[in-house]
Amino acid sequence: MKQSLVPDGEKETMSTSIQTYSLTEKLTFHHGQHKHAFAGGDPVFAAEQRTNAWEQFTKAGLPHAGLEQWRGTNLDKSFETEYVFSTVPAGQGVDIESIFKCAIPHFETYLVTQLNGWYVYNDSPLHTLPNGMIVGSLASAMSRFPELIQNYYGKLSSESIEGLTALNTALALDGIFVYVPDNVTVDETLQMVNLLDSPENLMLHPRNLVILGRNAHLRLVQCDDSINHGITFINSVTEVFLGKDSSLDHYKLQNKDSHSTLINTIYFSQAEGSRLSSNAISLNGGIIRNNSLVKLEGENASAEISGLYLMDKNQHIDNRVFVDHSAPHCQSNEMFKGVLDDHATGVFNGHVLVRRDAQQTVAYQKNNNILLTDKATIDTRPFLEIYADDVKCSHGATVGQLDANALFYIRSRGISEASARILLMYAFAAEIINKISIPELRQRIDDMVKKRLRGELSYCDQCVLHCSAQENKVNFEIDMSKI
Amino acid sequence: MEKESNNILDEVTKGEYKYGFYTDIEMETAPKGLNEDIIRYISARKNEPEWLLEFRLKSYRHWLTMKEPKWAHINYPAIDFQDIIYYAAPKPKKELKSLDEVDPELINTFNKLGISLEEQKRLSGVAVDAVIDSVSVKTTFSDTLAKLGIIFCSFSEAVQKHPDLVKQYLGSVVPHTDNFFASLNSAVFSDGSFCYIPKGVRCPIELSTYFRINAANTGQFERTLIVADEGAYVSYMEGCTAPQRDENQLHAAIVEIVALKDAEVKYSTVQNWYPGDKDGKGGIYNFVTKRGICKGSHSKISWTQVETGSAITWKYPSVILMGDYSIGEFYSVAVTNHHQQADTGTKMVHLGRNTKSTIISKGISAGQSNNSYRGLVRVIKRAENCRNFSQCDSLLLGDKCGAHTFPYIRTENPTSIVEHEATTSKISDDQLFYCQQRGISTESAIGLIVNGYAKEVLQHLPMEFAVEAQKLLSVSLEGSVG
């Protein structure tokens with residue numbers, strides 16, 4: 001990339017000194033060189049957003065630790081890598097079966113995949129299912145259903161002042177589009193898998209859009225995974241709209257390699273009476289930042305956002321949850337739990353905003369952490385910002401360690417200290433796992449967490465859910481030698 | 001009942017400031033604005049040694065490189081730092097030896113404030129150092145204290161009489177580079193109180209400072225330094241008021257507390273600066289840096305504050321828990337009304353092993369005010385077995401006010417336990433109904449509930465202050481406190 005930054009004529013004058021360019025400069029150059037548009041051309045509204053977003057990005061720039069919202073998470077190292085920006089579609093005609101197979105036993109899902117940020121398909125980039133649900137590439141949906149998308153695309157992301165979100169809007173080329181029409185209950189679980197297969201260092205800006213009509217119901221599982229890994233930087237933005245009385249069960253599973261950076265930003269907009277349940281399970285990763293921004297716009301909407309993170313080595317996890325109560329009689333409940341081992345660092349930043357008219361709001365926020373070593377660090381910031389008086393809001397945050405009495409109790413019953421510790425940590429994590437409403441998925445994650453706690457699970461080579469121990473149940477073994 | 005409680009809320013939001021009078025005392029003021037000459041002028045007026053002038057200039061030069069911080073949850077028009085008078089003093093005619101020699105106008109002022117020096121001297125046995133417009137006018141009881149070896153005097157006097165102590169501890173807790181307003185204060189501070197409790201001495205009476213901004217267009221930049229030597233104990237109180245003016249006045253003070261081994265310092269504040277009128281006009285900008293350091297093991301610093309005044313409060317009384325087994329405490333009731341804004345809280349920095357801290361913060365917002373708690377609890381790697389408990393509750397009276405909580409918790413040690421909890425609610429209808437059902441009027445019931453809500457903090461105030469604090473609560477929330 002470096003040499004191409006300099007026009008040929010100027011090369012001579014520059015040759016004496018080695019120039020290095022910052023990522024912002026490289027992105028600026030890249031933006032100037034390539035015309036960014038969805039395949040088939042941007043509709044007017046998308047083009048406008050692209051231009052505005054680029055302006056917004058030049059103003060905001062890349063995040064740095066000095067920004068309040070990025071306190072505790074330092075991306076400087078990630079920005080130093082020489083990234084390749086993918087602009088050539090990679091998704092057509094890929095035989096996804098050959099490189100990816102989800103290994104959750106008896107887990108029947110409707111699978112949609114992205115490869116290096118591009119929607120993967122064989123015949124058609126866009127499918128309309130018998131029940132009216134549309135699933136496919138966002139780029140082709142842009143040209144096929146511009147009227148539909150116009151009302152939604154960028155509606156939430158454009159309000160953000162976040163530099164990386166703006167960068168995504170400016171450079172996004174493809175992603176997944178899901179539309180569930182009114183009164184449709186989708187029986188099958190929709191599984192969105194984001195695969196990376198590239199020997200190069202990739203920087204990606206996948207963009208997804210999920211629209212649920214009135215009284216529509218969907219279960220969505222989002223997985224991030226690498227097959228062949230260079231150093232990767234994924235800056236993903238997803239906008240989700242929940243129509244009146246609709247419901248969405250959403251799961252994010254992260255089991256990444258240790259040199260990847262994953263910025264996962266999801267906006268949720270909830271209309272009257274809608275119900276959201278969102279779970280983020282982070283088991284491994286280099287730097288993970290989960291940004292969940294929930295806007296409760298209609299009365300009687302409810303949102304349950306929970307997360308579990310089990311980090312070790314040099315991993316970093318940052319969960320940011322912003323819940324915006326703009327309508328009365330809404331409920332939100334946040335619960336995040338984490339165990340940090342070795343040098344791992346964690347950040348939790350929960351922010352509940354209750355606007356003036358959002359009376360009768362009930363909002364809870366909870367963050368519990370266990371530190372296992374004196375090298376692990378946790379930064380927790382549970383914020384409440386409240387402008388309405390008839391509300392019930394509370395938050396709690398704790399940092400501690402395993403209860404010595406409980407540990408003693410278990411050991412006194414003949415269980416080794418190591419097993420007792422795992423048992424207690426598992427019990428700590430189980431509160432989040434039990435919130436998962438899809439039985440197969442819950443069982444799988446339960447097993448993975450157990451394996452993770454025993455140190456057996458690092459990141460898997462294939463799917464985030466693709467583990468070697470196929471259908472073997474994981475049990476706690478009692479180490480007789482220690483008794 | 002709806003209507004009745006509305007009336008009460010109306011009354012609440014109409015409470016007037018009772019200390020808004022202005023005392024006509026002959027003043028000596030420096031010209032407006034800030035530059036090195038002004039600093040030299042202040043230093044010369046106070047007959048300061050060279051090293052102190054150097055400290056001021058160093059701070060000023062550093063201040064010039066700093067930007068005014070913008071992160072707090074408050075809004076105010078930009079302050080023109082050149083439009084402030086940095087030095088204003090009652091014109092001293094001669095050195096005062098007893099109360100009889102104090103300007104009768106001043107005595108009147110203090111009588112109106114309800115802190116009559118005379119009366120307090122006789123009845124409550126509280127030693128008072130009164131600071132008007134940044135200059136300490138009278139310190140009572142110095143003689144009694146001197147017998148125990150306790151030094152309690154104005155800051156200027158301490159500079160003259162105990163330069164070694166001042167030099168040793170000045171800026172040791174709040175360095176001159178600490179933050180924008182601390183640097184400004186370090187450059188231009190005019191006076192304040194100094195207190196030193198020698199080894200093993202338990203101060204028998206409560207020490208007290210009273211601050212008052214009197215002259216127009218002046219900023220008050222006082223500096224308090226409290227040093228408790230090994231095994232010493234002191235309870236220190238601070239009160240503040242200001243006249244009612246249409247323009248905003250700046251108050252940027254520094255309080256430094258040093259507690260050596262086994263020492264205990266209890267610092268109580270009743271802040272009652274002029275909060276501005278009902279429309280948010282006028283009032284004091286209270287941008288204060290307060291910090292204590294538990295230097296030795298088993299030392300303890302406790303902050304108790306009742307915040308009812310000032311248009312904008314921006315302060316975080318903090319404790320650096322350096323000594324092993326040291327204890328930091330923070331108890332706060334912050335009441336905001338009308339257009340007041342408060343962004344207040346604490347910092348507990350656990351550096352030593354087995355250190356403990358407790359944070360109890362109670363916010364009450366009424367009218368169109370905004371009340372934020374912002375606190376930091378930090379445990380570093382080597383600080384084993386630390387314990388922190390924080391509780392921050394907010395009460396909302398009225399639907400136009402805001403209550404916010406911004407806790408920051410950073411832990412790097414696996415053996416420490418940090419807990420934080422917070423709730424935000426209005427006075428529950430159930431509680432109100434319960435009281436009314438037993439024949440208690442709405443007004444008394446609200447009073448009862450608010451009092452009970454704040455009690456956890458009020459009980460930590462010294463007797464003399466607890467009475468004043470309750471009076472203040474009733475002024476600030478007039479009609480709702482029984």
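**What is the mean pLDDT of chain A, and what percentage of its residues reach 70 or more?** The mean pLDDT of chain A is 83, and 86% of its residues reach 70 or more; pLDDT is the predictor's confidence in each residue, from 0 to 100. This is a predicted model, in which local features need pLDDT of at least 70 and side-chain atom pairs count only at pLDDT 80 or more, while totals for chains, interfaces and linings use all residues. Residues are numbered from 1 along each chain as its sequence is written, and chains are lettered from A and ligands numbered from 1 in the order in which they are written.

**View 1. Stretches of chain A with pLDDT below 50.** Over residues 1-17 of chain A the pLDDT is below 50, and this stretch has eight contacts in the model beyond near neighbours in sequence. Two residues are in contact if their C-beta atoms, placed from the backbone, lie within 7 Å. Residues 459-474 of chain A also have pLDDT below 50, with 39 contacts beyond near neighbours in sequence. Where pLDDT is low, the predicted coordinates should not be read in detail.

**View 2. Chain B and its confidence.** For chain B the mean pLDDT is 79, and 76% of the residues reach 70 or more. Two stretches to look for are residues 8-13 of chain B, where pLDDT stays under 50 and the model has 21 contacts beyond four places in sequence, and residues 118-126 of chain B, where pLDDT stays under 50 and the model has 12 such contacts. The model scores ipTM 0.75 and pTM 0.80.

**View 3. The two chains in outline.** Chain A holds 11 helices and 22 strands, and chain B holds 12 helices and 24 strands. Helices (H or I, at least four residues) and strands (E, at least two) are DSSP runs, numbered from the N terminus. Of the 483 residues in chain A, 50% are buried; of the 482 residues of chain B, 56% count as buried. A residue is buried if 20 or more other C-beta atoms lie within 10 Å of its own, exposed if 12 or fewer, and partly exposed in between, with C-beta atoms placed from the backbone.

**View 4. The largest nonpolar core.** This core has 229 residues, and those with the most contacts inside it are A228(B), V234(B) and V265(B). A nonpolar core is a set of buried Ala, Val, Leu, Ile, Met, Phe, Trp, Tyr and Cys residues joined through C-beta atoms within 7 Å. Helix α11 (residues 442-458) of chain B gives the most to this core, with seven residues. Leaving out residues up to four places away in sequence, V234(B) touches C195(B), I197(B), C203(B), L207(B), I226(B), A228(B) and V265(B).

**View 5. Strand β20 of chain B and its partners.** Seven of the 10 residues of strand β20 (residues 356-365) of chain B are buried, so this strand is mostly covered by the cut-off of 20 or more C-beta atoms. Strand β17 (residues 327-336) of chain B runs parallel to β20(B), joined by 10 bridges; two strands pair if DSSP finds at least two bridges between them. Here K362(B) in β20(B) is the bridge partner of V333(B). Strand β22 (residues 387-396) of chain B also runs parallel to β20(B), again over 10 bridges, and F389(B) in β22(B) is the bridge partner of T358(B).

**View 6. Where chain A meets chain B.** The contact takes 29 residues from chain B and 31 residues from chain A. On the chain B side, β23 (402-411) and β24 (417-426) each supply at least two residues. The residues on that side divide into 11 nonpolar, 11 polar and seven charged. Ala, Val, Leu, Ile, Met, Phe, Trp, Tyr, Cys and Pro count as nonpolar, Asp, Glu, Lys and Arg as charged, and the others, Gly among them, as polar. Strand β21 (residues 377-386) of chain A pairs with β23(B) in the antiparallel sense over six bridges, and E385(A) stands opposite H404(B) in β23(B).

**View 7. Two loop residues of chain A with positive phi.** D245(A) is not a glycine, yet its phi is positive, near 60 degrees. D245(A) is found in the loop between β11 (232-242) and β12 (247-255) of chain A. D245(A) counts as buried because 21 other C-beta atoms lie within 10 Å. H329(A), also not a glycine, has a positive phi of about 60 degrees and is found in the loop between β17 (316-325) and β18 (331-340) of chain A. With 18 other C-beta atoms within 10 Å, H329(A) is partly exposed.
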